[in-house]
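Student: I'd like to learn how to read a fold like this one feature at a time. Could you walk me through it?

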Amino acid sequence: MYCNNPDSTWFQKDERENTAFAKFSIENGRHKEKLGLLQNFLMNYDDTESSFYQQGIIEYEQQRQAYNLWLSTLAQHDTTLFVSNLYGFKYMPEIPWKGTETDRMESLITHYFDGMDFNNPLLIKTSDLNKWMDNYVNLYGGLSTTVALRDSLFPLAGTTAIEKAKQGHPLVYGWMVDYFFRGYETNGMDAGMKILEPYLNDPNCLTTKRQEIARRLKGMETLVAGSKAPNITLTDNDDKLFELNELETQSDYLLVLFWSVDCSHCMEMADNLYHWQQQSDVQQKMKVVAISLDETETEIKDWEQKIAEMKGWKHLRAAEGVNSKVANDYYVLATPVMVLLDARTREIVSVPNTLNELLSKFN
């Protein structure tokens with residue numbers, strides 16, 4: 001009778017999980033509303049030295065501690081329910097209201113894990129863990145005013161979080177390594193990838209990405225400036241055999257691009273790269289060999305349509321995607337990946353992580 005009424009929720013008489021979560025959501029909202037009002041006051045009040053403001057800090061701290069106590073008490077009460085594993089994600093760390101905004105962010109980072117029980121293996125079964133860690137990484141992002149600072153802060157974020165998780169359950173420890181591997185791989189952060197290396201030999205680290213991390217680290221050691229690029233043998237989009245070592249060109253450079261139409265980041269990079277490379281002076285200096293790692297029928301169809309717009313590039317497709325020989329030879333685990341080669345020697349010039357890094361080679 002409730003199916004067609006979106007404003008109604010009904011549970012069976014003995015249902016406990018959803019009933020507990022619904023009750024928690026209502027009560028949590030009430031607690032957070034009070035804390036939110038106090039936070040808004042403390043962040044926006046103009047006279048931070050007044051006794052009124054100081055009283056606001058005291059009131060907020062009392063409410064914050066009471067809220068965290070309520071969370072822990074409720075978690076113990078619902079300990080037999082899976083939903084109790086979600087309560088810890090709502091923990092509110094201490095905030096130094098007398099400091100600057102940067103002081104507050106640094107304090108949040110320092111105390112971010114205070115209310116979390118990493119000994120609980122059921123954490124990795126929740127959907128909240130990933131979102132909770134995204135918020136943690138975003139705090140570091142807020143402190144990253146330059147690319148160089150970002151590249152130093154994000155590896156620090158990984159080291160700090162993994163070391164915390166290391167003290168807990170091996171499954172949570174392994175999950176944390178996997179989480180940062182995905183982030184570092186997606187963003188091409190070699191410095192971040194290097195911080196994962198020590199954990200590969202730890203038997204307590206139950207990572208599911210051990211082989212992929214090892215492969216990525218091996219690629220970082222192998223695909224370095226001055227080393228010979230692996231040969232590429234594939235059939236091009238005209239069904240003709242292509243070999244990188246046999247390619248003749250008058251250009252100074254060859255750019256090998258691994259990409260996929262199923263990857264929005266790849267498409268954005270490919271479009272910007274194509275627009276830039278079509279300039280006559282760049283065309284003379286650099287030739288592009290674009291290797292698609294698309295596998296499904298839908299992806300292949302989209303790829304065929306896309307390359308019709310990108311004339312002048314040598315288009316190839318590795319049928320087995322990231323599991324293909326060429327992807328293995330170049331240690332490609334995710335796209336996009338660029339490798340800049342000397343067109344005469346076929347030696348690696350650089351492995352730029354971004355289009356801006358590539359462009360800097362030509363300025």
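Predicted model: local features only at pLDDT ≥ 70, side-chain atom pairs only at ≥ 80, totals over all residues.

Student: Why are tyrosine 67 and tryptophan 70 separated by about one helical turn?

Tutor: Look at their spacing: tyrosine 67 and tryptophan 70 are three residues apart in helix H2 (residues 51–77), so about one helical turn lies between them.

Student: And are tyrosine 67 and tryptophan 70 buried or exposed?

Tutor: Both of those residues are buried. Now compare another tilted pair, phenylalanine 113 with tyrosine 136, at 4.7 Å centre to centre and 50° between the planes.

Student: Which parts of the chain does that pair link?

Tutor: Distant ones, 23 residues apart: phenylalanine 113 sits in the loop between helix H3 (101–110) and helix H4 (128–143), while tyrosine 136 belongs to helix H4.

Student: Which residues do ring pairs link into a cluster?

Tutor: The cluster is made of Phe89, Tyr112, Phe113, Phe118, Trp132, Tyr136 and Tyr140.

Student: Let's move to helix packing. How do the axes of H4 and H6 cross?

Tutor: For a helix pair, read the distance, the angle, the hand and then the contacts. The axes of H4 and helix H6 (residues 170–186) come within 12 Å, crossing at roughly 55°. That angle makes H4 oblique to H6, and their crossing is right-handed. On the H4 side the contact is made by Leu129, Asn130, Met133, Asp134, Tyr136 and Val137; H6 brings Trp175, Met176, Tyr179, Phe180 and Arg182. Tyr136 also belongs to the ring cluster.

Student: What is the hand of the crossing of H6 and H8?

Tutor: That one is left-handed. The axes of H6 and helix H8 (residues 210–222) come within 11 Å and cross at roughly 40°, and H6 and H8 are therefore oblique to each other. Here Val177, Phe181 and Glu185 of H6 meet Glu212, Ile213 and Arg216 of H8.

Student: Now the sheet. What is the order of its five strands?

Tutor: The general idea comes before the case: strands of a sheet pair through backbone hydrogen bonds, either parallel or antiparallel. In this model, the five strands run in the order S5-S4-S3-S6-S7, forming an open sheet with mixed pairing. Strand S5 (314–317) and strand S7 (348–350) are at the edges and have a single partner strand each, so one side of each lacks a neighbour in the sheet. From one strand to the next, the twist averages 30°.

Student: In what sense do S3 and S6 pair?

Tutor: Antiparallel, over six bridges, with S3 covering residues 253–259 and S6 covering residues 337–342. For example, tyrosine 253 has aspartate 342 in S6 as its bridge partner.

Student: Which strands does helix H9 lie across, and which does helix H11?

Tutor: Helix H9 (residues 264–277) lies across S3, strand S4 (286–292) and S6, at about 155° to S3. Helix H11 (residues 297–307) lies across S3, S4 and S5, and runs at about 175° to S5.

Conventions: Residues numbered from 1 in each chain as written. Heavy atoms only, no water. Pairing = 2+ DSSP bridges. Helix = DSSP H or I, 4+ residues; strand = E, 2+ residues; numbered from the N terminus. Axes fitted to C-alpha atoms, helices over the stretch in contact; angles between N-to-C directions. Contact = heavy atoms within 4.5 Å. Buried < 20%, exposed > 50% of the residue type's maximum accessible area, 1.4 Å probe, protein only. Phe/Tyr/Trp six-rings, centres within 6.5 Å; stacked < 30°, edge-to-face > 60°. Parallel < 35°, antiparallel > 145°, perpendicular 65-115°, else oblique. Left-handed = near helix turned anticlockwise from the far one by under 90°.
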